[in-house]
Amino acid sequence: MRIQLKPLGSSDTLAVSRQGSVLVINGKAFDFGQVPDGATLPAAAVSCAWLAGPVERVAGQLQITLLLPHLDDAPAAARFPVDILNPPDGQVLLPTGASEANEVTSTGVVDWSQMVTQEMKAQATADRHLAEVVAETAARRSTADAAMAPLQDAVDIDDVTEAELAALKAWKKYRVALIRLPDQAGYPATIDWPVAPA
């Protein structure tokens with residue numbers, strides 16, 4: 001477990017204790033054992049005013065950010081706290097020196113429906129990438145359409161040169177290649193983009 005501390009000028013007190021994946025914060029017990037590796041639980045999903053960031057499990061390690069209240073004359077260790085790594089079960093020693101009793105008085109509420117799993121993150125990343133690919137394809141297609149329009153006009157009015165006819169054919173081949181991008185084996189993760197005519 002990694003507990004990151006964010007200093008906060010305040011006369012309030014904070015008591016933290018640990019029992020495995022359960023953190024008792026000022027008497028409220030929060031069991032974060034349900035957070036799987038790679039998942040993120042937003043701070044808004046946890047009914048704890050002392051939580052200053054999301055709860056995450058990275059490479060098997062639970063990571064939590066808490067506000068650390070301190071008085072104006074607090075020592076530098078409280079005003080510029082370092083992370084607390086793998087504290088043993090029991091009372092967590094804070095740099096403010098607070099050692100108040102921290103008995104469980106209630107169970108903290110966690111809205112688990114807000115948790116974002118590693119799979120959900122991967123899907124969101126894939127969806128964003130696909131949207132970027134679709135947008136890039138549309139932009140290239142628009143360029144091809146704009147280049148083809150006057151060339152096609154020349155063909156339609158039977159006033160086309162050999163060079164214009166060749167250019168039209170090249171742009172049409174390019175546009176067809178764009179249309180067939182989804183047929184590529186690695187699409188959309190890897191794409192062999194066609195080269196636009198010069």
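User: How many bridges join strand 1 to strand 8, and do the two run parallel or antiparallel?

Analyst: In this predicted model, strand 1 and strand 8, which covers residues 84–85, are joined by two bridges and run antiparallel. One of the residues involved is Ile3, whose bridge partner in strand 8 is Ile84.

User: And what about strand 1 and strand 7, in which sense do they pair?

Analyst: Strand 1, made of residues 2–9, pairs with strand 7, made of residues 61–70, in the parallel sense, and eight bridges hold that pairing. Leu8, for instance, has Pro69 as its bridge partner in strand 7.

User: In what order do the strands of that sheet come?

Analyst: The sheet is an open one of five strands, arranged in the order 5-6-7-1-8, and its pairing is mixed.

User: What holds strands of a sheet to one another in general?

Analyst: Strands in a sheet pair through hydrogen bonds of the backbone, and the pairing may be parallel or antiparallel.

User: Let me pick a residue, then: where is His70, and is it buried or exposed?

Analyst: His70 belongs to strand 7, and with a relative accessible area of 12% it is buried, because buried means under 20%.

User: What does His70 touch?

Analyst: Apart from its neighbours within four places in sequence, His70 is in contact with Pro7, Leu8, Gly9 and Ser10, and also with Ala78, Arg79 and Thr96.

User: Which strand holds Gln63, and what is Gln63 in contact with?

Analyst: Gln63 also has its place in strand 7, and it is buried, at a relative accessible area of 19%. Once the neighbours within four places in sequence are set aside, its contacts are Arg2, Pro54, Val55, Glu56 and Val58.

User: Switching to helices, how far apart are the ends of helix 2, and what span should it have?

Analyst: Helix 2 runs over residues 118–156, which makes 39 residues, and at 1.5 Å a residue it should span 57 Å; the C-alpha atoms at its ends are 55 Å apart, which agrees.

User: Where does helix 2 bend, and by how much?

Analyst: The bend is at Ala149 and amounts to about 30 degrees, with a proline, Pro150, following within four residues. After the helix comes Asp158, which has a positive phi, near 55 degrees.

User: Which residues of helix 2 are buried, and what do they pack against?

Analyst: Val133, Thr137, Ala144, Met148, Leu151 and Ala154 are buried in helix 2, and the buried residues of this helix pack against helix 3, residues 162–179.

User: What about helix 3, how many residues does it have and how far does it reach?

Analyst: Helix 3 has 18 residues, and the distance from its first C-alpha to its last is 26 Å, close to the 26 Å expected at 1.5 Å a residue.

User: Which residues are buried there, and on which side do they lie?

Analyst: The buried residues are Leu168, Trp171, Tyr174 and Leu178. They cover an arc of only 125 degrees around the axis, which puts them on the same side of helix 3. On the other side, Glu162, Lys169 and Lys173 are exposed, while the buried residues pack against helix 2.

User: How many aromatic pairs does a search of the whole structure find?

Analyst: Such a search gives two aromatic pairs. In one of them, the ring centres of Phe30 and Phe32 are 6.2 Å apart and their planes stand at 5 degrees, so this pair is stacked. Phe30 counts as buried at 0% relative accessibility, and Phe32 is buried too, with a relative accessible area of 1%.

User: And why is the pair of Trp171 and Tyr174 called edge-to-face?

Analyst: Their ring centres are 5.6 Å apart and the planes stand at 85 degrees, so the pair is edge-to-face, a description that applies when planes are over 60 degrees apart. Both residues lie in helix 3, three residues apart, which is about one turn of the helix. Trp171 is buried, with a relative accessible area of 11%, and Tyr174 counts as buried at 6% relative accessibility.

Key. Residues numbered from 1 in each chain as written. Predicted model: local features only at pLDDT ≥ 70, side-chain atom pairs only at ≥ 80, totals over all residues. Heavy atoms only, no water. Expected span 1.5 Å × (residues − 1). Bend = angle between axes of the 7 residues up to and from the residue. Buried < 20%, exposed > 50% of the residue type's maximum accessible area, 1.4 Å probe, protein only. Contact = heavy atoms within 4.5 Å. Pairing = 2+ DSSP bridges. Arc of directions from axis to C-beta. Phe/Tyr/Trp six-rings, centres within 6.5 Å; stacked < 30°, edge-to-face > 60°.
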